[in-house]
Amino acid sequence: MHPSQPLGGPFFASLLSFLLLISGGLRALIGRGAAPAAPTRAVLSFAGDCTLGSDNQYQHYTHGFVYQMGERGFDYPFSGVASIFGADDLTIVNLEGTYTDSKKPRDKAFTFRAPPAYAKILRLGSVEAVSVANNHILDFGIPGRRDTIAALDRVGVKHFGGGDLAIYEANGIRICMTAFTYPHWRTLETLRTRDIPLLRAAGCDIVILSMHAGTEEQYKITGVQADIARGAIDLGVDIVFGHHPHVVQAVEVYRGKPIFYSLGNFSFGGNIDPKDWDTLIGQVVVEKSADGARPVEMRIIPCLISDAEKYSDFRPVVATGERAEAILAKIAKHSLAIDPAIFETGTLALGAEAEGAGANEMAPEAMDAMTVMRGDGG
């Protein structure tokens with residue numbers, strides 16, 4: 001090399017490229033004999049219907065959600081479960097309503113909204129992702145949905161449903177989400193032909209389905225719910241969580257994968273005094289190793305939508321004592337496809353051996369007892 005040739009010229013660039021190529025090859029050769037990386041885990045939390053707003057005609061009602069949170073602060077709604085949502089790796093809820101200033105609701109019984117600034121409630125509550133596939137996202141038409149998505153984007157909350165997919169990475173595990181609402185006549189076909197292939201091609205380790213289905217205020221699941229949840233797992237979904245009935249329903253393990261059919265209401269501004277105040281946080285621990293990723297543990301945490309004495313203050317809390325036992329007993333009554341130990345300890349290990357076809361299958365008579373008439377409800 002001529003002494004005047006600058007350091008880092010073409011020669012050094014070629015040499016550096018060569019050295020990087022050799023070192024990469026050496027690392028690959030060394031890696032073949034190295035011990036596999038330790039498995040990584042992530043804790044995922046799921047909650048049900050969250051209407052973080054008020055009916056359009058009650059925007060200024062003093063007991064309503066919009067007024068109350070204007071007084072109490074945006075960190076109030078999820079403060080009763082902050083120790084849970086703040087400690088997990090991903091929290092997902094069903095956002096049942098809109099963030100819009102529109103004054104033009106659709107012609108229907110209930111139309112839920114809050115000002116777009118209220119989307120910050122989710123971020124302050126450690127909620128990282130929401131499903132928007134439900135019967136209220138279009139309460140103010142396409143403009144209202146557009147406003148809602150924009151509000152969520154501004155606060156950095158992932159959203160999925162209505163054709164949109166979401167991806168969230170936690171501890172090196174790529175978690176992907178899709179969602180559907182009724183009518184469900186094309187849900188499984190869309191999962192098979194579009195969503196699951198797209199998500200797997202995007203490198204997703206875990207696929208979650210949010211399912212808005214069932215019959216309102218009914219504790220038994222419908223045939224449609226069972227068909228969608230189990231069919232989705234057959235197609236490759238890893239976790240199913242449901243909502244819409246506004247009450248807690250069965251939990252199930254199918255082929256080693258967890259199903260929460262309905263988690264009930266959670267922070268629910270749609271009603272200041274619903275008939276049933278019981279709710280549930282479902283948790284799933286997922287693990288990624290050299291063999292792939294899968295759910296390894298399922299947890300259920302009984303909660304109340306509020307601990308207020310008269311009207312709901314829209315602040316869910318963890319249930320304790322006899323009330324917690326009663327909630328678990330209610331869920332257990334309708335949950336026939338799961339180890340009953342989960343209702344005693346709150347935790348259930350999900351074994352890899354259960355993933356094969358036919359594992360954890362219910363007998364036909366058990367399925368009949370667990371559901372109402374086939375096809376009833378959406």
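A salt bridge is a side-chain nitrogen of Lys or Arg within 4 Å of a carboxyl oxygen of Asp or Glu. The views below show a predicted model.

**View 1. Arg 145 and Asp 164 form a salt bridge.** The N to O distance between the two side chains is 3.6 Å. Arg 145 belongs to helix H5 (residues 141-155), while Asp 164 sits in the loop between strand E7 (158-160) and E8, so that distant parts of the chain, 19 residues apart, are linked. Arg 145 is buried, at 18% relative accessible area, and Asp 164 is partly exposed, at 31%. A search of the whole structure finds 16 salt bridges.

**View 2. Glu 189 and Arg 192 pair within helix H6.** Their closest N and O atoms are 2.8 Å apart in a salt bridge. The two residues are 3 apart, about one turn of the helix. Glu 189 is partly exposed, with 38% relative accessibility; Arg 192 is also partly exposed, with 47%.

**View 3. Lys 288 and Asp 205 meet in a salt bridge.** The N to O distance is 3.3 Å. Because Lys 288 lies in strand E15 (residues 278-289) and Asp 205 in the loop between H6 and E10, the pair ties together parts that are 83 residues apart in sequence. Asp 205 is buried, at 17% relative accessible area, whereas Lys 288 is partly exposed, at 29%.

**View 4. An open sheet is formed by 6 strands.** The strand order is E8-E9-E10-E11-E13-E12, with mixed pairing. Strands E8 (166-170) and E12 (251-254) are at the edges; each has a single partner strand, so one side of each is left without a neighbour in the sheet. From one strand to the next, the twist averages 20 degrees. E10 (residues 206-212) and E11 (residues 239-243) pair in the parallel sense over 5 bridges, and Ile 208 stands opposite Ile 239 in E11. Helix H6 (residues 187-201) lies across E9 (173-181) and E10, at about 160 degrees to E9.

**View 5. Ile 92 belongs to the largest nonpolar core.** This core has 40 residues, and Ile 92 is listed with Leu 44, Phe 46, Ile 208, Val 251 and Phe 260 among those with the most contacts inside it. The residues that Ile 92 touches include Phe 46, Phe 160, Met 177, Ile 208 and Phe 241.

**View 6. Thr 98 is a buried residue of strand E4.** Its relative accessible area is 3%. A polar atom of the Thr 98 side chain lies 2.8 Å from the backbone oxygen of Phe 112. Thr 98 also touches other residues, including Arg 113, His 136, Asp 139 and Thr 148.

Key. Residues are numbered from 1 along each chain as its sequence is written. This is a predicted model: local features need pLDDT of at least 70, side-chain atom pairs count only at pLDDT 80 or more; totals for chains, interfaces and linings use all residues. Side-chain values use heavy atoms; hydrogens and water are left out. Two strands pair if DSSP finds at least two bridges between them. Helices (H or I, at least four residues) and strands (E, at least two) are DSSP runs, numbered from the N terminus. Axes are lines fitted to C-alpha atoms, for helices over the stretch in contact, and angles run from 0 to 180 degrees between N-to-C directions. Contact means heavy atoms within 4.5 Å. A nonpolar core is a set of buried Ala, Val, Leu, Ile, Met, Phe, Trp, Tyr and Cys residues joined through side-chain atoms within 4.5 Å. Buried means under 20% relative accessible area, exposed over 50%, partly exposed in between (1.4 Å probe, protein chains only). A polar contact is a pair of N or O atoms within 3.5 Å; within protein, one must be able to donate a hydrogen and the other to accept it, and residues adjacent in sequence count only if both atoms are side-chain atoms. Lists of a residue's contacts leave out its neighbours within four places in sequence.
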